[in-house]
Amino acid sequence: MPKTLFIDPKQSRKAGKIEFQPIPVNTYQKTVRDEKKNFTNDQLLKIYFDMAVIREFELMLNKIKTTNEYNGISYNHPGPAHLSIGQEASAVGMAYGLSVDDLIFGSHRSHGEILAKGLSAISKLPEDKLMEIMKSYMGGRTLSVVEKNQKGSFSDLAIDFLLYGTLAEIFARETGFNKGLGGSMHAFFPPFGIYPNNAIVGGSGDIAVGAALYKKVNRKNGIVVANIGDASMGCGPVWEGMMFSAMDQFKTLWEEGYKGGLPVLFNFMNNQYGMGGQTRGETMGYDMLARVGAGVNPEQMHAERVDGYNPLAVIDAFKRKKELLEAGKGPVLLDTLTYRYSGHSPSDASSYRTKDEIDAWMEEDSLKHYEEQLIKAKVATKDSIGKIKEEIKEKVTHMVRLATNDDISPRMDLVKSPGLIEDLIFSNGSETAMEEGTPVVNHPMKENPRVKQLKKKERFAMEKNGKPVSKLKTYQLRDGLFEAIIDRFYKDPTLVAYGEENREWGGAFAVYRGLTEALPYHRLFNSPISEGAIVGTAIGYAMCGGRVIPEIMYCDFLGRSGDEVFNQLPKWQAMSGNILKMPVVVRVSVGSKYGAQHSQDWSSLVAHIPGLKVVFPATPYDAKGLMNAALQGTDPVIFFESQRIYDVGELFHKEGVPEEYYEIPIGEPDVKRSGKDITILSIGATLYKVVEAAEILSDKYKMDAEVIDARSLVPFNYQPVVDSVKKTGRILLVSDASSRGSYLKDMAATIAELAFDDLDAPPVVVGSKNWIVPAHELEDFFFPQVQWILDAIHEKIIPLKGHVLKEDVSDKSLIEKLAKGV
């Protein structure tokens, strides 16, 4: 089913020029007096109140960090505090017109945005709804602290709840919004539309786009704002996120009802510095950040620079941009000019800028100027402003007193309950669908051409007479994956899948053949070649309540999505205290034949990262059962698939691959061949080499090998392996990953520890060479071969009578190779 977008060579080759439209810069010039007709006095005062709350909150943290004291309360906070003193107007202006349905994502410097969005939400929510949120969140534990110690109005209670929950989180208290596991740079509160802030510069750039994708696909109200710094313009996730958000297909190929741009606003909080680097004039070349929008799409992302020192200017800009997003005209870029008075962090002496520069910006201080305007417009008096400041200082002091009291605000007791954090690493949920609803599909599943075709295939690869079924008639590993995936698309209305070449081609390796006919564009689509954004957007989509299958076409491309896979995907469940779920199944295809950058097995890299489940099936039966389990779960799963065995039939499960739904629990190894003399544990495609070796051991050397297929790397139940070793006394471990640093080494060490008394020889690992992967014609010299397995057993475990070594696997050879770094 080819796309209907014709690329006309005559049009493409025409001479012409690209013209750009002017980009507005600081065009809003109104004062409080000018805007009195559009705002009530209470609204104008609330803007000041919110700014002043943020200022006092950040000053408090600065004093605690630099003097270990605030307003007579002594406290040492060793953790981070990246402060936004000076940026208050930008934060309040951003949040003022947002609804609770509008989501914000932030950076390491986002305390102000948390408070601004929280105060905005409190002012908009009805009291009963607000109380329901506070009572239900974390079982009401945060609320109970402020409720016991509060005497003011309901509004005061809600503001105290926000201030306390944020501060307790910063101070790593269990009563914080994320049980103290997020901290200063990762705090968030989803019920108010405050989604994760991100310690990695630019980290929210693609995650926020995923949240906008979720809103678009699932027709949810609201827009998404990525509050990121100007220095993040040099970061991959931001560029990839912008490219993803601006894909033409949203306007050209998606169906009616889903057409239109993503509702995402990239709000660059442009404080003009990234660490000690001055972005304009030193580390960037854009001169003015808003210029970048002109290079992304014909609409220039509706880019604009706004004076972030004037809260009314930011409110005006957000109002206009939100209207564009709600009309399907996203994405949008705002260059919100601001300045931070404090250093990158309190330990930063700001030696990269002059005192004159800091003083010049402080002279323009947004709070001071707005306060003057309020008085000039007779909205407030000096006395009333003074009372607001006193009230805020009293509030913040009270919250500091509560948040620093170990009895009122305890930390997690890891002495009494050492498993508290480990129990949060995975949610281990089971959800057939992430939301109720009817999945949008093109036809009933039973009418799908491939589904019909699979009903005619043989689900066990051997005839009754022992001969193999022909390839054309055999149900293959790729078919098992397809059946699990299409089944879930017809069960879960939130499920989407995307990656490079996911649609018309049926996926790069024919796993998705048949899905194009079954699914509309908004559920299965091609992404840019942006592996970072492919995974990053999936994270944002899942955070908001959806389920995703992003695909990395080759395992070697995991490096392009390194931060998303290693630093984002595994961490948000635990850092949220399990408030967030992460039902993301990242399909990763392990290549061959294509050389050094397309044929590597990097399963060991992801298995090293806490918070990821890792599976690697090698048979059609296991592929379908494990994919079903992964898609039923609520945890992130890296799902490895070997290109060498997509076409294998089922050789081990004698009943064949069931047509009906079934799951294989992630983490359970499987005995593929029983034996009593030696255990061989395999990961991935090497299973077939191992089975071949086991047959030779039996026929030629009268050694009965027990073959265990790991199927999963994380989690992994070692008990069946230990039981096997107790029986055999010997174990060899085999996979296609390069042997140095491979996960097999970790497994071997664990087995040695668990079964030391039962082992007649140390566990031995056979992996690929510690080289680059050579050309296909030389692969047999790189990947484990049957001969290598036999040689390793003979040399390292037990002599095989009459065996002739072909590989030098002696200790001397190993020492020499390791000394060379290979």
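The dialogue below takes labels used for this predicted model and tests each against its definition.

Tutor: Residues are numbered from 1 along each chain as its sequence is written. In this predicted model local features need pLDDT of at least 70, side-chain atom pairs count only at pLDDT 80 or more, totals for chains, interfaces and linings use all residues, and side-chain values use heavy atoms, with hydrogens and water left out.

Student: Why is arginine 55 called buried?

Tutor: Buried means under 20% relative accessible area, exposed over 50%, partly exposed in between (1.4 Å probe, protein chains only). Arginine 55 has 13% relative accessibility, so arginine 55 counts as buried.

Student: Where is arginine 55, and what does arginine 55 touch?

Tutor: Arginine 55 is in helix H3 (residues 41–67). Helices (H or I, at least four residues) and strands (E, at least two) are DSSP runs, numbered from the N terminus. Contact means heavy atoms within 4.5 Å. Leaving out residues up to four places away in sequence, arginine 55 touches Ile85, Gly86, Glu88, Tyr341, Asp365 and Leu367.

Student: What makes alanine 91 buried?

Tutor: Its relative accessible area is 4%, so alanine 91 is buried. Alanine 91 belongs to helix H4 (residues 88–96). Beyond four places in sequence, alanine 91 touches Ile54, Gly112, Glu113, Ala116 and Met269.

Student: What makes leucine 744 buried?

Tutor: The relative accessible area of leucine 744 is 1%, so the label buried applies. Leucine 744 lies in helix H27 (residues 743–754). Its contacts, not counting residues up to four places away in sequence, are Ile683, Leu733, Val734, Ser735, Val765 and Val766.

Student: Why is helix H24 called largely enclosed?

Tutor: 13 of the 13 residues of H24 are buried, so the rest of the structure largely encloses this helix.

Student: How do you know that the reach of H24 is close to the expected one?

Tutor: The expected span is 1.5 Å times one less than the number of residues. H24 (residues 620–632) has 13 residues, and 18 Å is expected. From first C-alpha to last, H24 reaches 18 Å.

Student: Why are H9 and H10 called roughly parallel?

Tutor: Axes are lines fitted to C-alpha atoms, for helices over the stretch in contact, and angles run from 0 to 180 degrees between N-to-C directions. Under 35 degrees counts as roughly parallel, over 145 as roughly antiparallel, 65 to 115 as roughly perpendicular and the rest as oblique. The axes of H9 (residues 204–217) and H10 (residues 236–245) cross at roughly 25° and come within 7 Å. H9 and H10 are therefore roughly parallel.

Student: Which residues make that contact?

Tutor: H9 gives Gly205, Asp206, Val209 and Leu213; H10 gives Pro237, Val238, Gly241, Phe244 and Ser245.

Student: What makes strands E16 and E21 edges?

Tutor: Two strands pair if DSSP finds at least two bridges between them. An open sheet of 5 strands runs E16-E18-E17-E20-E21, with mixed pairing. E16 (670–673) and E21 (764–768) each have a single partner strand, so one side of each lacks a neighbour in the sheet.

Student: How do you know that E17 and E18 pair?

Tutor: Strands E17 (residues 678–682) and E18 (residues 705–709) are joined by 5 bridges and run parallel. Threonine 679 has glutamate 706 in E18 as its bridge partner.

Student: What makes both faces of E10 covered?

Tutor: In E10 (residues 496–499), Val496 and Tyr498 on one side and Ala497 and Gly499 on the other are all buried. E10 joins E12 (residues 548–552) in parallel through 4 bridges, and pairs with E11 (residues 524–526) in the parallel sense over 3 bridges.
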